[in-house]
Amino acid sequence: MVRLSMCSSGKYSLRGPALIPRMKTKHRIYYITLFSVVLLGLIATGMFQFWPHSIESTADWSLDRRSMHDAPLIQLPVSNPIPERGDLSCRMHTCFDVYRCGYNPKNRIKVYIYPLQRFVDEGGVPISSTGLSREYNDLLSTISDSEFYTDDVTRACLFVPSIDVLNQNSLRIRETAQALAMLPRWDKGMNHLLFNMLPGGPPDYNTALDVPRDRALLAGGGFSTWTYRQGYDVSIPVYSPLSADVELPERHHHRPQRFTLPRRYFILSSQTAIHREYRAELERLKEENGEALLLLDKCSNLSQGVASARKRCYKGQVFDYPQILQESSFCVVLRGARLGQATLSDVLQAGCVPIILADSYILPFSEVLDWKRASVVIPEEKLPEMYTILKSIPHRQVEEMQRQACWFWDAYFSSMKAIGMTTLQIINDRIYPYAARTYEQWNNPPVVKWSSVNSPLFLPLIPPRSPGFTAVVLTYDRIESLFRVITEISKVPSLAKLLVVWNNQNKSPPEDSLWPKIAAPLKVVRTKENKLSNRFFPYDEIETEAVLAIDDDIIMLTSDELQFGYEVRERIPYRLVGYPGRLHLWDHEMGKWKYESEWTNEVSMVLTGAAFYHKYFNYLYTYKMPGDIKNWVDAHMNCEDIAINFLVANITGKAPIKVTPRKKFKCPECTAIDGLSLDQTHMVERSECINKFASVFGTMPLKVVEHRADPVLYKDDFPEKLKSFPNIGSL
Amino acid sequence: MQAKKRYLILFSAGACLILLLYFGGMQTALSRSNNRRDDRSLDGHHGSPQWHHFSGSLQPFSPWDQMETEEYNVHISPRQKRDVISGVYNGKRCRMDSCFDFSLCKTNGFKVYVYPQQKGEKMSESYQNILSSIEASRFYTSDPGQACLFVLSLDTLDRDILSPQYVHNLRTKVQNLHLWNNGKNHLIFNLYSGTWPDYTEDLGFDFGQAMLAKASIGTENFRPNFDVSIPLFGKDHRSAGEERGYLKHNSIPPYRKYMLVFKGKRYLTGIGSDTRNALYHVHNSEDVVLLTTCKHGKDWQKHKDARCDLDNAEYDKHDYREMLHNSTFCLVPRGRRLGSFRFLEALQAACVPVILSNGWEMPFSEIIHWNTAAVIGDERLLLQIPSTVRSIHQDNILSLRQQTQFLWEAYFSSVERIVLTTLEIIHDRVLQHAARSNLMWNSLPGGLYSLPQYSSYLGDFPFHYAKLGESCHDLQIDLKCASKFIHVDGHEFGSPGITTGVYRKVLF
C-alpha cells in the first residue's frame with residue numbers, strides 16, 4: 001500500500017496537478033482504469049499477505065496440542081549410562097567448546113533446542129511427574145522466537161534439551177540423567193545448557209541440581225558460593241507465577257516525585273515458610289519497633305475458592321498479596337530450605353527494596369547486575385540488627401533502590417522470556433567479551449540511560465606541553481577579509497596550522513604567491529560541494545586535538561583573545577569554548593523554543609564563527625549526527641553552529657564556555673545591508689532550527705551557564721605589561 | 001510533450017506492476033517455505049523442527065504450596081547450620097562466610113596488623129614496600145588486639161624454589177606464630193609460585209584459612225570473594241604515590257602506527273609454549289607485529305627450531321618501548337605463569353591489552369570490569385584475534401584507551417595503590433551492605449577516593465552525577481528532564497532561568 005502511494009504521489013509532484021485536466025477524456029479513463037487495476041492488485045497482495053498468517057497460526061496451535069501427546073516415547077533401559085556428576089572445576093576455557101560458536105560479525109551465539117520427546121523407564125513410568133511445564137515451554141518458545149535460535153544442529157553453539165528440569169522435586173534423578181546422556185549431541189554435556197529453579201530435595205536441599213550432568217552449564221536458581229562455578233554457571237531467579245497474573249498499579253517510573261509517596265511500613269515480611277527461629281527473631285524486632293514492621297503469615301481461615309497464594313494475614317487481618325508489598329520500603333527475603341526464593345521476584349515487582357538474608361547465596365544474574373544498588377544484603381546472623389542497619393540508609397538512597405528494584409524486575413525477572421533471554425545474553429557476552437553489554441546497559445534503568453551522559457571522552461587529560469591548535473577557516477569568496485583573518489590568526493603563539501576550507505567550486509583559490517606570508521603551515525582544502533558541513537569535516541590535515549573554527553569575516557579578535565580562548569579549552573578539553581554567546585529560551589505563549597541574541601545574563605551556545613573545540617566533535621558531526629540534521633543544515637545553509645552546540649551538549653551534558661567580554665562581531669562593512677528585516681527573518685529561522693533539533697534529539701540538550709572566562713587581571717588597575725593578556729576587554 | 005507525459009505515466013504504471021509481481025512472487029515463495037516447515041513438523045520429528053509453542057493444558061513447574069515448603073521447620077536450626085558450614089568449607093573451599101571471623105572487625109573497624117620483623121629474616125624490596133604501604137595506611141594498627149586482618153612479616157612473595165629470594169622453612173616459621181590461629185583473618189601476598197617445569201600454584205607451605213593476594217592466580221584455585229587477584233609487578237615498580245599514565249591526548253582517529261604488537265620470549269617447549277609458538281601465524285610485519293626470540297635460558301640452542309634464527313633477527317630490529325607506545329592494542333599472552341609484567345606495561349602505555357591467558361583470574365576481578373579496558377581473548381581462538389581487534393569501533397578504542405589510564409592511575413600505578421586496593425576490597429566485604437557499588441570502582445575518580453564511611457550512596461558523590469543523570473532525578477530543574485516532563489505534567493518548567501544552580505555542581 002505504501003509503495004503505491006509513493007508511486008502515484010511521485011508522479012503528481014513531478015508533473016504538477018494540472019496534468020489530468022489537460023489530457024483527453026479517453027486517455028484519462030484509460031489511465032484511471034489502469035491505475036485502479038494496479039491498486040486492486042496491490043490491495044489483494046496485501047490481504048493475501050495478512051490472511052494466510054492467521055490461518056497458519058491457528059493451524060499451528062492445534063497441531064502443537066496434538067504433537068505434545070504425539071511426541072515420541074523413548075524407553076530408557078536400566079543399564080543406560082549415567083553422566084558424571086557436575087565437575088566443580090569446569091570453566092568456559094576447559095569445559096566449553098568455543099569452536100562451535102565460531103566467529104561471526106553479529107557476535108551472536110546460535111542456540112539449538114532438541115525436539116520434544118517423552119522419556120519413560122522400562123516399566124513405562126515417565127521420568128518426570130509434570131512432564132513439560134508451562135514455564136519451561138514458555139522459555140523454549142522464547143528461545144525459538146529469538147535471534148539466538150537455529151534449527152540447524154550442526155551450526156549450533158549451545159544446546160538446550162527439551163527435558164524439563166526446572167523443579168527437581170518432580171524428577172526421577174537417575175532416569176533424568178540417563179535421558180540427558182541419550183541426547184544425540186550430548187558429548188559429555190559439552191555446550192549444553194540446563195535450566196533449573198528449584199534444586200535439591202529433603203532433607204538437606206543441595207543448592208545445585210542433583211541430576212548428574214557431566215559438563216553441562218547450569219542456569220540455576222539458588223546457587224550457593226560453593227556450588228556456583230563462577231564464569232560458567234548462570235545464577236537465575238526463581239520465577240514467581242504471580243508475576244504473570246498480577247499487575248500492580250503503577251507507582252514509579254516517569255515521575256520522580258511519586259517516589260516520595262510515603263509507604264506505610266518500613267519493613268515487611270510476607271514469606272509463609274520462615275524457620276521458627278527466624279520468625280521469633282522477627283517478632284522480637286516487631287515488639288521493639290511496633291508499627292514500622294508488618295509480619296504477615298499464611299491465612300488459616302480463608303473461605304473456599306479464595307486463592308491462598310494471593311492472601312496474607314496478620315492476627316486475623318487479611319491483606320492482598322502481592323499488593324501489600326507496595327506499602328513497605330523494605331521487604332524481607334529470608335532463605336527457606338532453599339536459598340533462592342520466588343518472593344524476591346514479587347518484592348522487586350512491588351518496588352520494595354529486598355533485604356536479602358541468605359548467607360552464601362549467589363544473587364540472580366550477579367555476574368552483570370549490581371545488586372548493591374537495588375538491595376540490602378545482611379548476614380543471617382545480623383537479623384536482630386536489621387532495623388538499625390536499614391535506618392542508617394539515607395532516604396534518597398532508598399528511593400533510588402526502589403527505582404532500581406523495579407527496573408530489575410521489569411527487565412530481568414518479569415517473565416520466563418526475560419529470564420531466558422538474560423541468561424543467553426550473559427553466555428553470549430562471555431563468548432564475545434569484546435562485544436559484551438556494558439555495566440551501564442545492564443544496570444541503568446531507561447530513565448537514567450536517557451538522561452545520563454556517557455561521553456567516549458571522559459578522562460580529563462591535560463597535555464603538559466601543548467601541541468597547539470589548527471585554525472579552520474571556512475570561506476567562499478571574500479578574499480580580502482579572509483586574508484585579514486589569516487594575518488590576525490597567524491599572530492597567535494599557539495597556532496599549529498591554518499586550514500582554509502575553500503567552499504567555492506566555481507572559482508579557484510588565489511595563487512600561492514598572493515596569500516599572506518605566515519609562520520605556521522597554511523593549507524587550502526577545496527571542497528566538492530558548497531556545504532556548511534564541510535567546516536566540520538575531520539580532515540586528516542587537522543593533527544591537533546584543538547580546532548579553532550572561524551569565519552572569514554571575524555577580523556576583530558585580537559591574538560590575545562584567541563590565545564586566551566585556546567588556553568581555556570586546554571583546561572576543559574571537551575567543551576565548546578567560543579566568543580559569540582547565544583541563548584535559547586522557552587516561549588510560553590508560543591509553546592516552543594526561541595533563539596535569543598540579546599545581551600543576557602546567560603549563555604547556552606557559542607557560535608562557531610569563532611570557537612575552539614575538540615576534533616572528536618568533527619568526527620561526531622560528520623558521522624554521528626542524529627536524524628537528518630546534517631542534511632537539513634546543508635539544505636538550509638544555516639544553523640550548523642547551533643547543530644554542533646546541540647551535539648556537544650548532548651554528549652557531554654555540559655554547557656559551552658564563553659570567553660572574553662566581546663559581544664560585537666559584525667564587521668563595519670556588513671552592517672549596511674538592510675539591517676532589521678534581515679535580522680528578524682534570521683531570528684525566526686534560527687528559532688526554527690532550535691525547535692527542529694530539539695525534536696530530532698528528542699530532548700533539549702543545551703545547558704545554560706551564567707558565567708564566562710576572563711583573564712585573571714583583565715579588569716584590574718594594573719600596569720599593562722604585567723598582564724598576560726593585555727589586549728582583551730573591548731566589546 | 002503529451003506523448004512524453006503519456007510515456008512517463010505508462011512507465012510508472014509499468015513500474016508499479018513489476019513491483020506487484022515482485023511482491024506476489026515473494027509471497028508465494030514465502031508461503032511455500034512455510035508449507036515446507038509445516039510438512040516437516042507434520043511428519044513427526046524427523047529432521048530438525050522448530051520448537052512448538054504448546055499452550056493450555058500444561059502444569060506449572062511448581063505448585064504454589066510446594067514452593068514454600070514447611071518441612072524446613074523440622075530440620076536443624078539455622079544457627080547450628082551456620083556453625084557446621086565453617087567446619088566443612090575450609091582450605092580450598094574457604095569463603096568469607098566459613099573462614100573469616102567477622103567479629104574481630106566489629107569493635108575497632110577494619111584494622112590491619114603487621115607482625116614485627118624478626119632479625120635475620122631476609123626480605124625482598126617489594127615485600128618491604130608492601131609492608132610500609134600498609135603501615136602508612138589509615139588501616140594500620142600496631143596492636144594485634146585491635147586487628148581485624150593480619151599480615152605476615154615473612155616474605156611470601158617469591159615461592160619459586162629455584163629463586164634466590166625463596167624463604168626456607170616457612171612452614172615451621174608460620175606455625176610458630178602465636179597469633180596464627182590456622183591462618184584465620186590472615187592475608188598472604190604472593191607473586192610467584194611453583195617452579196619449572198609445571199609451575200603449580202602451590203605456595204610450598206600450609207596457609208590454612210588465610211586469604212591470598214596472589215598474582216597469576218588461576219580460576220580453578222581462586223576462591224571467589226575470598227582471595228584477591230593482584231597484578232604481577234616488578235621490583236622497580238614505584239613504591240608509593242601515583243604515577244601518571246602515558247596518554248597525553250586523544251587523537252582522532254584513534255589508530256596508532258601499529259594495530260597489535262608483541263615482543264617477548266618464545267618458549268619452545270613446556271607449559272605456556274603453545275600460544276607463543278603459534279604467534280607467527282598472525283604476524284603480518286605491517287600493522288600486526290608479533291616478535292619472538294628463542295634466546296633465553298642456558299640451553300636454548302638444544303631446543304632450537306627452524307624458525308628461530310629468522311625470528312631472532314627480526315626480534316632485534318624492533319624496540320619494545322617504541323612498539324608499546326605506538327600501538328593501538330598490545331598482546332598479553334600468558335608466560336610460564338598466567339600473568340606477566342607486560343600487562344601493567346601495556347596498561348600504563350595506554351596500549352589496550354589483548355589478554356591471551358586462559359583461566360587467569362584478572363587482577364582485582366572482584367571490582368573491575370575488565371571488558372571496559374581490555375580485550376579478553378581466548379588462546380584457542382588466536383587466529384581470530386586480528387579480525388576481532390579490527391572489528392572494534394573507533395569510539396570503543398577511545399574509551400578503552402582512556403579506561404586503561406584511569407585504572408592504571410587509580411589502582412596499579414604504585415605498590416601502595418595495589419596494596420590499598422587489595423585492602424579496600426577486603427574492607428568492602430567486611431562492610432557488607434555499606435560497600436561501594438561497582439560504578440564507584442569503575443569510573444573516575446575510583447573506589448579509593450570514595451570513603452564508604454562517608455556514604456555508599458552514589459548521589460552523594462558529584463563525580464557520578466553525569467553518569468546517573470542525577471541532576472534529573474534529584475534536582476529536577478535540569479532542562480533535559482524538564483522538557484521530558486512537560487508532556488506528563490501538563491505544565492512547563494521550560495524556562496532555563498531556573499537551571500543555574502546545577503552547573504556549579506557539575507562544572508568540571
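Which residues is Gly102(A) in contact with, leaving aside its neighbours within four places in sequence? I looked this up in a predicted model, in which local features need pLDDT of at least 70, side-chain atom pairs count only at pLDDT 80 or more, and totals for chains, interfaces and linings use all residues. Residues are numbered from 1 along each chain as its sequence is written, chains are lettered from A in the order in which they are written, and side-chain values use heavy atoms, without hydrogens and water.

**Entry: Gly102(A).** I found Tyr432(A) and Gln384(B) in contact with Gly102(A), contact meaning heavy atoms within 4.5 Å. I located Gly102(A) in the loop between helix 4 (92–95) and strand 2 (111–113) of chain A; helices (H or I, at least four residues) and strands (E, at least two) are DSSP runs numbered from the N terminus. With a relative accessible area of 28%, Gly102(A) is partly exposed, that is, between buried (under 20%) and exposed (over 50%), for a 1.4 Å probe and protein chains only. I also noted 9.1 Å between the C-alpha atoms of Gly102(A) and Arg155(A), which are 53 residues apart along the chain.

**Entry: helices 5 and 12.** I read that the axes of helix 5 (residues 134–145) and helix 12 (residues 416–431) of chain A come within 8 Å and cross at roughly 55 degrees. Axes are lines fitted to C-alpha atoms, for helices over the stretch in contact, with angles from 0 to 180 degrees between N-to-C directions.
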